[in-house]
Amino acid sequence: MKYRFVKFEAVKAPEFQIDKKTEMVRYGKDNKYPNYLLDLSTKTGLHTAILNAKKLYILGNGLSYEGNDKSTEAFLLNPNPYESMNDIFEKCTVDLEIFGGFALECIWSRDKKSVAEIYHIPFQNIRATKQNRNNIVEKYLYHQNWTEYTRINETIEFPRFGDSDKSKNQLLYTKQYTATNQYYPIPEYVGSIEDINTLSEISSFHNSCIKNNFNPGLMIIFRGPMPSPEEQDAIIEGLEEKYQGSNNAGTPAVFFLPENQEKPTIEQMSVSDLDKQYETLTAAMKENVVLGHQIPRIIAGIEKEGSLGGGKEYVDAELIFKNKYVIQHQNIILNALNKIMSVNGLSELYVKNLNTNILLYSDTLIEKVLTNQEIRMLFGYDDLPSEDNEKNNENIDE
């Protein structure tokens with residue numbers, strides 16, 4: 001007896017190849033790897049929720065600066081005619097968490113001494129070109145949709161930010177360093193991509209089974225003369241094209257045969273304890289996704305067995321997450337934005353972070369040792385006007 005199995009390909013690490021004619025570096029073998037990551041960001045509820053939680057933590061209470069410089073305030077409110085700096089900050093954060101990098105278009109003023117406007121560019125729309133002898137990428141290419149790219153003259157070329165030629169709009173391209181590639185970042189959750197896909201397939205499988213009345217899988221046995229290897233391949237390819245995948249779980253197979261050909265036998269395949277197997281698999285996949293994202297389980301919404309999930313436990317996990325992950329990612333974005341602020345001679349930006357550590361102490365103790373102004377600072381709120389501040393201090397003295 002001969003038998004054949006349907007083959008499934010595992011998720012592979014992206015390949016980065018240089019096009020010899022255009023010197024463009026392909027982002028993945030098909031040049032569509034960022035689109036794959038973008039689709040993956042909405043593929044499972046857990047992955048989407050973690051990405052959103054990270055974004056909210058990194059954004060904090062928004063951007064601010066020390067002092068009362070009116071020029072800095074004006075640029076913070078309108079780095080371009082359509083957005084505030086906080087709008088750009090949010091878009092950069094989303095790209096950083098999905099792709100591991102972000103890109104900003106910088107338009108120089110007429111005298112070429114300062115950056116007049118900055119715009120966020122979707123990271124999936126940018127491609128790097130071959131590095132020079134000093135391992136520096138001097139030019140980047142923009143295309144609105146690389147899935148429809150055919151010719152290099154369809155792209156817009158950007159010199160890197162800081163290039164001596166300021167007659168063109170420049171690109172401030174920021175990415176997390178990875179030893180495996182010098183052109184594009186690899187997302188930090190790359191080790192969990194197969195687990196994210198598995199969770200998605202499990203959901204699709206169960207959904208398809210519900211639609212098909214929980215019919216189990218089928219085993220198809222062809223009897224009669226043994227077909228040639230080429231004919232076997234054709235049969236398998238036809239079945240794969242029609243019925244392969246979690247979305248086709250439980251769907252019936254229909255065959256039309258000539259009268260002189262013996263009918264194939266179709267038998268149901270029963271698997272014992274299938275519900276328990278999926279329960280165990282789902283739990284393992286969730287653990288791997290959380291681990292790949294470097295986020296505490298309680299913040300990701302996955303409680304540890306036997307844990308009460310109390311406020312102190314949550315605050316402790318939050319403090320660890322902020323110190324080991326959030327602050328580092330905030331600094332990646334701030335370093336890029338502050339390069340522009342420095343060129344323009346403006347104040348340095350920082351993120352107003354909420355200080356949840358204060359929640360560990362009683363209201364009485366907090367009010368006893370801190371002024372209202374200090375409490376507002378701990379929670380990330382702006383200073384009160386001087387008159388209100390004096391009144392609050394008078395109330396404390398009384």
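Begin by selecting Phe16, Tyr27, Tyr33, Tyr36 and Tyr184, which ring pairs link into a cluster. Rings of Phe, Tyr and Trp (its six-membered ring) pair if their centres lie within 6.5 Å; planes under 30 degrees apart count as stacked, over 60 as edge-to-face and the rest as tilted. By this rule there are 12 aromatic pairs.

Another pair to display is Phe321 with Tyr325: the ring centres are 5.3 Å apart and the planes are at 10 degrees, so the pair is stacked. The model is predicted, with local features requiring pLDDT of at least 70 and side-chain atom pairs pLDDT 80 or more, while totals for chains, interfaces and linings use all residues. Residues are numbered from 1 along each chain as its sequence is written, and side-chain values use heavy atoms, without hydrogens and water.

Now show helix H9 (residues 311-343), where Phe321 and Tyr325 are 4 residues apart and therefore separated by about one helical turn. Helices (H or I, at least four residues) and strands (E, at least two) are DSSP runs, numbered from the N terminus. Phe321 is buried at 2% relative accessibility, and Tyr325 is buried at 3%; buried means under 20% relative accessible area (1.4 Å probe, protein chains only).

Turn next to strand E5 (residues 139-142), which pairs with strand E4 (residues 126-128) in the antiparallel sense over 3 bridges. Two strands pair if DSSP finds at least two bridges between them. Ile126 has Tyr142 in E5 as its bridge partner. E5 also pairs with strand E6 (residues 156-159), in the antiparallel sense over 4 bridges, and there Tyr140 stands opposite Phe158.

Conventions: Buried means under 20% relative accessible area, exposed over 50%, partly exposed in between (1.4 Å probe, protein chains only).
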